[in-house]
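Good morning, and thank you for coming. I shall speak today about salt bridges, and I ask you to keep the sequence and the model in view as we proceed.

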Amino acid sequence: MFLDAHVHLDRYEHPGRVLAAAEAAGVVCVAMTETPEHFDGWAPVLACDPRARLALGAHPLRATEMDAAALRRFDELVDEADFVGEVGLDGSREGRATLREQRIVFDRVLARVTAEDAILSVHSRGAEADTIAALTDARVRAVLHWYSGALRHVDDALDAGLYFSVNAAMLGTQKGARLLRSLPPERVLTETDGPFVTVRGRRAQPSDIPALVDDLADLWGCRGEDARAQIEQNLDALVRGARMPPAPVEPRALHLAV
Ligand code: MN
């Protein structure tokens with residue numbers, strides 16, 4: 001099995017074809033949503049689909065849309081969610097103006113998810129230190145998706161038991177490659193962030209994951225199948241709730257169809 005830990009399935013023109021190609025390539029997807037309303041729209045489509053797990057989202061760049069009703073809906077849905085994403089903070093030029101609203105939403109998410117033990121896929125662009133600090137305090141199980149911050153925060157994230165999901169765009173830049181060399185393989189997961197990432201001139205999709213795993217194998221100096229087994233083990237450890245610091249509460253059993 002291969003893993004696409006962060007993909008926006010609904011943003012493809014033909015999500016059904018993308019899923020069929022993923023299945024043919026042996027790739028299971030964690031499909032992001034951006035708001036609880038968005039999750040509600042997709043849940044009936046993907047509820048029984050073994051190829052994808054739907055994550056409950058509250059995207060930082062949609063924070064101003066998260067009114068009281070949306071937050072209430074998030075609270076209702078989170079008990080059933082095994083994955084939460086995309087959530088986080090965005091302090092880049094695009095997100096800076098709404099950081100206050102983002103913080104309210106993210107704090108609320110972290111307050112609700114801690115006890116529920118879902119796995120979070122987290123956006124941290126331009127707000128890496130704050131995001132890592134918030135995740136550390138909340139003691140959640142989380143994956144930093146497409147981390148693009150300074151290397152000096154990485155040790156804090158590792159100490160907090162956080163994972164990193166990496167994509168082809170990261171491998172293609174010096175900064176991303178340097179990050180990857182500094183990450184222990186046992187904390188790495190794979191993602192496409194499709195369709196927002198371009199690989200070899202076209203939009204990345206989950207069926208590209210095997211090629212990414214081959215690139216990781218080159219980086220790690222191992223065989224492709226060993227890299228794939230490593231990623232599988234990492235997901236398994238994350239799902240089982242293996243965190244570095246002892247967790248204060250007993251992890252709830254997760255019902256994963258992956
Ligand atoms: Mn994304």
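This is a predicted model: local features need pLDDT of at least 70, side-chain atom pairs count only at pLDDT 80 or more; totals for chains, interfaces and linings use all residues.

**Salt bridges in the model**

Let us begin with D75, which forms a salt bridge with R112, their closest N and O atoms lying 3.2 Å apart. A salt bridge is a side-chain nitrogen of Lys or Arg within 4 Å of a carboxyl oxygen of Asp or Glu. D75 lies in helix 3 (residues 68-78) and R112 in helix 4 (residues 99-116), so the pair ties together parts that are 37 residues apart in sequence. Helices (H or I, at least four residues) and strands (E, at least two) are DSSP runs, numbered from the N terminus.

Residues are numbered from 1 along each chain as its sequence is written, and side-chain values use heavy atoms, with hydrogens and water left out.

How accessible are these two residues? D75 is buried, at 18% relative accessible area, and R112 is partly exposed, at 22%. Buried means under 20% relative accessible area, exposed over 50%, and partly exposed in between (1.4 Å probe, protein chains only).

Next, D90 and R125 meet in a salt bridge of 2.7 Å, N to O. D90 is buried, at 0%, while R125 is partly exposed, at 33%.

R240 pairs with D236 at 3.3 Å; here R240 is exposed, at 55%.

Finally, a network of salt bridges links D10, R11, E34, R62 and E65. The whole structure holds 19 salt bridges.
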